[in-house]
Amino acid sequence: MVIRLEKAGKKIRNNIILDNINMELRNGRIYGFQGINGCGKTMLMRLISGLMKPTSGSVIVDEKILGKDIDFPEKMGLLLENPAFLEHYTGVQNLKLLAGLKEYIDEEQIYRTLRRVGLNPNDKRKYKKYSLGMKQKLGIAAAIMEQPELLILDEPTNALDQRSIASILNIIMEEKKRGALIVLACHDGYILENLADEIFTLENGRIVNTLKR
Amino acid sequence: MKGYRLLTSDIRAAMQKQKFFLIAGVIFALQWISGYLEICSDPVGIKSNLEFSLGEMFLYCFQGIDPLLDTDGAVVLRLPIGWLSVFLEAHFSVIGYAENFTLYGQQYFFRSGNRSWWWISKCIWNVSTTVLYFALGFTVYGLLTFFRGGSLKLEKMEGFLLLIILVCISWNLFQMYISMYVGTFIGILISIVTLLSSVFIYSPLLPGNYLMYLRTEKFMGNGMKTVNGYYIVSLLTVIAIVGGILKSRHLDYLVEE
């Protein structure tokens, strides 16, 4: 998978949110995004995922223009901001509901994914009873369960303890080895430096620095 | 196949949110019936001489109120509380769509793979829910009439019942459509205000007027024409579906919780 952003920009009510973003992202690599709150990281992820349309320029996924040729990248896993699920369903029930939309995976794979992120698939507790860390893990499970070609993770280590963080970072590396294109936003510079092949620094909606490793 | 999967997932997700409204609908139906039975069993009641039948029960439920004008043409302040509750409940029964405009709905949005399909699926779900709401209410009415030995004849109500279901379907679709612009709370508020306005303003442009049997051409002669009701239904449905598709094509999913 190759994603190209060509002069991509976004204005909302005359405010420039993203400005003249140019980049090329390839599968099997991790792209890190850093910057202060409100610099445009999440907006850029929305643009790449197809949740938001650019007001100028374009996002091209495998030579198909997003919003014109396709609406969303076909095999995408996404954790944007806070995870959100149906409160009266268990973790398994929530994932089954989402997986049912594409039917790429069976129940066993859902169970495996939950174990992989450190959740018990036989846990009968409803989502509303989950701790913040468990909610975050379920969000990550939803993003990776279908073995996506494009994995977008916005602050995936939020609310996690040190052990869980190590486990999730390990999963991200495994996903990279599998060949996924990973877009990762994180406040923790140390995590990005250790994981990312390329780090983009955003400021006021513009890329002000690119660091290749 | 993809559209079918999207729709079934939509229904499963939304049912969790709206089952309480639907249960409340059944309770409303039971309340109506008890009220009707009270009148029927009252030896000096206005309907005590009428045959106990499903058609009469529907008439009791959906009669509404005649145009609220006194002899001088001034509006009289009276509210058909029971009638209002049935249709407010109908508007609330589809409120599960609010889930689609949240962070959770975001997961559905991109997994749908297609923005137009996403909206069409919401519309089909919305229509199914409204039909289910009336089906539940009507089934309760039918069963109680049957077990009480009443007649199941609908008599003059057949065409009218179809029209009220269609008016509610189209308005609920329209409510969901405008909620994309103004949010769920304002969307339902507009429905409430429109329904209330229909009570006081006798106009063919206000859909609530088609939901009151006492204002139909069948009852009043110069009352609301059924054909105009179908025009309103068609217009609202087309605006909601086509407008929704166009809006969803350009929708930025920016919700934050």
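## Close-up views of a predicted model

**View 1. A salt-bridge network in chain A.** A:Arg116, A:Glu174, A:Glu175 and A:Arg178 are joined to one another in a network of salt bridges. Here a salt bridge is a side-chain nitrogen of Lys or Arg within 4 Å of a carboxyl oxygen of Asp or Glu. Over all chains, the whole structure holds 15 salt bridges. Please keep in mind that this is a predicted model, in which local features need pLDDT of at least 70 and side-chain atom pairs count only at pLDDT 80 or more, while totals for chains, interfaces and linings use all residues. Residues are numbered from 1 along each chain as its sequence is written, chains are lettered from A and ligands numbered from 1 in the order in which they are written, and side-chain values use heavy atoms, leaving out hydrogens and water.

View 2. Four strands of chain A form an open sheet in the order β2-β1-β4-β5, with antiparallel pairing. Its edge strands, β2 (15-26) and β5 (64-65), each pair on one side only. Strands β1 (residues 2-12) and β2 of chain A share eight bridges in the antiparallel sense, and A:Val2 has A:Arg26 in β2(A) as its bridge partner. Helices (H or I, at least four residues) and strands (E, at least two) are DSSP runs numbered from the N terminus; two strands pair if DSSP finds at least two bridges between them. Helix α1 (residues 41-49) of chain A lies across β1, β2 and β4 (56-61), running at about 60 degrees to β2(A). Axes are lines fitted to C-alpha atoms, for helices over the stretch in contact (heavy atoms within 4.5 Å), and angles run from 0 to 180 degrees between N-to-C directions.

**View 3. A salt bridge between distant parts of chain A.** The side chains of A:Glu63 and A:Arg4 meet in a salt bridge, 3.1 Å from N to O. A:Glu63 sits in the loop between β4 and β5 of chain A and A:Arg4 in strand β1 of chain A, 59 residues apart. A:Glu63 counts as exposed because its relative accessibility is 59%, whereas A:Arg4, at 21%, counts as partly exposed. Buried means under 20% relative accessible area, exposed over 50%, and partly exposed in between (1.4 Å probe, protein chains only).

View 4. A:Asp123 and A:Arg125 form a salt bridge, with the closest N and O atoms 2.9 Å apart. A:Asp123 is buried, at 15% relative accessibility, while A:Arg125 is partly exposed, at 40%.
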